Amino acid sequence: MVRRVAAFPLEPEAPLVRVARPVRRRRPPNNWRAAIADTPAWTYDEATGQYYLHCFLPSQPDLDWSHPPVREAMHEVLRFWLARGVDGFRVDVVHLLGKDALLADVPAEVAGLPQVVLNDRPETHDMLRELRRLVDAWPGDRMLVGEVYLLETERVATYYGRQDELHLAFNFPPLYAPWEARAWRRHIEATAAALEPRSAWPTWVLSNHDNPRHRTRYGGGEARARAAAVLLLTLRGTPFLYQGEELGLSDAVVPLDARRDPGGRDGSRAPIPWEAAPPHGWPGAAPWLPFPPDAGAHSVERQRAEPGSMLHLYRRLLELRRALPALHAGTLRLLDAPASVLAYERAQAGTRVIVLINFAAEPVRVGGVRGRVLVGTDDPAGRPFDGTLSPDEGVVVQPNG
């Protein structure tokens, strides 16, 4: 079933903006910094003689959510889309809703950081409870997923509330993890420790529009990108796929004079190659950005025709995830394994599978695991598993017994 989720921006160009009290001197109200442009988060408006706040670009003024009419206006935005049948909202930089009413300076030791990574206000949680009550009261099964760009999982966890704020929250620390088994083991443990006491459901994401694609970050090889697919789609929680990672795309090389994004994030935003031959399914005017490398080989058309392609690997993993309660709803238990291997058991209602991912560029043997491969990064399903993992190989194993 296709789920319809509306993007809900919190830094729009809108008439309802946060405006600082009038000042006699043209000096920003505090030392907050904006993201993307690395400038003060305040711009002086000549017409009013006031500064306005923008935690991103000056063309994106922040709304003043402490003002009840603003909150009600934004609630009407949700009602508008809910009435049209959307299943939920992806709420942009949701932790920026509440602001310090005193507009106090941030401490000197963090004064150079953008406010987006520092703002974590108690007022935000009451605002989220209002949104949750609105969404939960609507007929049907609706959902709020929030972009909480705080780089400690313990802080992200607070935005679930006690199951009365966000349904899901993006957890970004794992996105920045290196391709190392021990690093991922630590993130899995930290996520469980932070979320399980709240009965909160985890999320996992490897790529998005704000960061280089994970294939690029992990070194560019297809074998590693395939192993990352096994990781993402077998962890306990909800995986989020960024368009194009199911094709194994890496970042496009975008010349300086072709860049459109002020934050330099164009590489991961390159157009999807739908067809093998240029212009890759984009007739008419050329796309604004160049295509990713090897666009023809990574096109949807080419990969649909190749049973062993990355696209079909994602499809096999998703089919297995839907079919096995152990994968879509089961527990996760980390297992002992060689240093280069991440190993965990997924179990539910008496059934279990074991996931093994070799993060190394050389083969490795895993003791004590024998069975049948249900899905592997590059092998057909059904082959016996004897404990040997190839370089950058990931497998989902139905263990013997």
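**Reading salt bridges and a helix**

Trainee: Which side chains meet in a salt bridge at 3.4 Å, N to O?

Mentor: In this predicted model, the side chains of Glu345 and Arg333 meet in a salt bridge, at 3.4 Å from N to O. The pair links distant parts of the chain, since Glu345 lies in strand S10 (residues 341–348) and Arg333 in strand S9 (residues 331–334), 12 residues apart.

Trainee: Is Glu345 buried or exposed?

Mentor: A residue is called buried when its relative accessible area is under 20%, so Glu345, at 11% relative accessibility, counts as buried. Arg333, with a relative accessible area of 46%, is partly exposed.

Trainee: Which residue forms a salt bridge with Arg129?

Mentor: The partner of Arg129 is Asp126, and their closest N and O atoms are 2.8 Å apart. Arg129 and Asp126 are separated by about one helical turn, because they stand three residues apart in helix H2 (residues 123–137). Both residues also belong to a network of salt bridges that links Asp126, Arg129, Asp164 and Glu165.

Trainee: How many salt bridges does the structure hold?

Mentor: The structure holds 26 salt bridges, and one of them joins Asp261 to Arg269, with the closest N and O atoms 3.5 Å apart. Here Asp261 counts as buried, at 12% relative accessibility, whereas Arg269 counts as partly exposed, at 28%.

Trainee: Which residues of helix H1 are buried?

Mentor: The buried residues of H1 are Val70, Arg71, Met74, His75, Leu78 and Leu82. They lie on the same side of H1, because they cover an arc of only 140 degrees around the axis.

Key: Residues are numbered from 1 along each chain as its sequence is written. This is a predicted model: local features need pLDDT of at least 70, side-chain atom pairs count only at pLDDT 80 or more; totals for chains, interfaces and linings use all residues. Side-chain values use heavy atoms; hydrogens and water are left out. Buried means under 20% relative accessible area, exposed over 50%, partly exposed in between (1.4 Å probe, protein chains only). Helices (H or I, at least four residues) and strands (E, at least two) are DSSP runs, numbered from the N terminus. The arc is that of the directions from the helix axis to the C-beta atoms. A salt bridge is a side-chain nitrogen of Lys or Arg within 4 Å of a carboxyl oxygen of Asp or Glu.
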